[in-house]
Amino acid sequence: MNPNKKRLRRTMMFLNCQKPGLIKDPYIYKPDSIMLDLEDAVAEGEKDAARYSLFHALQEIDYHGVERVVRINGLDTAYWKEDIRVCVAGGADSIRIPKCESAKDIKMVEDAIAAAEKEFGREEGSTLIMAAIESAMGVMKALEICEASDRLFGIALSGGDYTKDLQTTISGGGVELAGARQHLIIAARAAKVQCFDTVFTNLDDMEGFRKEVEMIKMMGFDGKSIVNPRQISVVHEIFTPTEKEIIFSEKVVKEIDEKKAQGIGVFTVDGKMIDIAFYDGAKRVIELAKASGVYKGDL
């Protein structure tokens with residue numbers, strides 16, 4: 001398995017490949033991932049120029065460890081196959097499939113990536129996949145999509161197109177996205193892949209953005225798509241475990257390890273009843289703290 005499948009992805013910032021000034025140094029803002037966009041952000045007559053810009057950026061820019069994901073054009077267009085060849089030739093870390101609605105979509109992209117890796121001498125399996133869910137059909141097929149390929153590291157909700165398909169609009173309150181969000185989280189967890197929330201486009205409402213990030217963190221999302229560097233610090237703050245959470249998780253892990261060896265199944269930590277079911281969650285907090293660079297323990 002590609003070791004990057006489980007990497008930390010709290011923030012994934014969209015950038016227009018048509019504008020070299022945007023993609024030359026986004027690493028300075030320290031997002032976990034950047035989304036180099038060949039699809040909606042690029043005008044119809046500028047696809048070739050955007051690919052050219054993308055290839056040279058991938059080849060020549062040191063992104064200082066920031067993951068480089070490329071959103072290709074839709075599978076119903078004439079562009080996606082060449083998009084994939086350029087992504088793989090340039091060395092992109094992952095490819096995002098827009099408007100994904102079935103396992104068949106994943107398989108088509110997987111086959112094209114495998115052929116490109118062979119063509120350009122890239123390591124087999126080195127290019128990962130993520131799928132954007134943008135329709136009612138995509139939501140209904142989420143588990144099938146999540147299980148379609150070992151290359152797939154996660155799925156992401158695209159709220160704009162999804163709400164159009166529902167024949168409604170994004171309200172700001174989130175009620176129109178609630179069902180899709182929960183369904184995608186359940187499917188992703190069942191398939192053991194990651195899940196990412198849709199963008200929040202009102203940059204003047206940072207308080208509303210904070211509340212939405214807190215909500216999707218509580219729902220179980222791994223991170224959020226973003227459109228502006230101002231949003232990065234808020235997401236990272238909310239998705240990074242607090243010192244109190246880390247200390248409690250350390251206690252849980254150590255106590256369970258000790259009590260399990262003694263044949264004790266239920267006990268208390270800081271006055272809370274704990275059993276083996278808490279173990280994986282506590283370990284995940286510690287791993288997230290390590291990945292976020294705030295862990296100073298010895299587990």
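These legends go with close-up views of a predicted model. Local features here need pLDDT of at least 70 and side-chain atom pairs count only at pLDDT 80 or more, while totals for chains, interfaces and linings use all residues. Residues are numbered from 1 along each chain as its sequence is written, and side-chain values use heavy atoms, with hydrogens and water left out.

View 1. Strands are DSSP runs of E with at least two residues, helices are runs of H or I with at least four, and both are numbered from the N terminus. Two strands pair if DSSP finds at least two bridges between them. In general, the strands of a sheet pair through backbone hydrogen bonds, either parallel or antiparallel.

View 2. Strand β6 (residues 152–157) runs parallel to β7, joined by three bridges; Gly154 has Gln194 of β7 as its bridge partner. Next along, β7 and β8 pair in the parallel sense over two bridges, and Phe196 stands opposite Gly223 in β8. Three bridges join β1 to strand β8 (residues 223–226), again running parallel, and here Thr11 has Lys224 of β8 as its bridge partner.

View 3. Angles run from 0 to 180 degrees between N-to-C directions, and axes are lines fitted to C-alpha atoms, for helices over the stretch in contact. Helix α8 (residues 178–191) also packs with helix α9 (residues 206–219) at an angle of about 40°, the axes being 10 Å apart. The two helices are therefore oblique to each other (under 35 degrees counts as roughly parallel, over 145 as roughly antiparallel, 65 to 115 as roughly perpendicular, and the rest as oblique). Ala178, Arg181, Gln182 and Ile185 of α8 make the contact with Glu212, Met215, Ile216 and Met219 of α9; contact means heavy atoms within 4.5 Å. Sorted by type, these residues are five nonpolar, one polar and two charged (Ala, Val, Leu, Ile, Met, Phe, Trp, Tyr, Cys and Pro count as nonpolar, Asp, Glu, Lys and Arg as charged, and the others, Gly among them, as polar).

**View 4. The salt bridge from Arg181 to Asp197.** A salt bridge is a side-chain nitrogen of Lys or Arg within 4 Å of a carboxyl oxygen of Asp or Glu, and by this rule there are 25. In this one, N and O are 2.8 Å apart. Asp197 sits in strand β7 (residues 194–197) and Arg181 in helix α8, 16 residues apart. Both partners are buried (under 20% relative accessible area; exposed is over 50%, partly exposed in between, with a 1.4 Å probe and protein chains only). Elsewhere, shared partners join Asp37, Glu39, Arg71, Lys99 and Glu134 into one salt-bridge network.

View 5. Glu67 lies in strand β3 (residues 67–71) and Arg9 in the segment before β1 (11–16), so the pair ties together parts 58 residues apart in sequence. Glu67 is buried at 1% relative accessible area, and Arg9 is buried at 2%. Arg51 is buried at 6%, whereas Asp48 counts as exposed at 59%.
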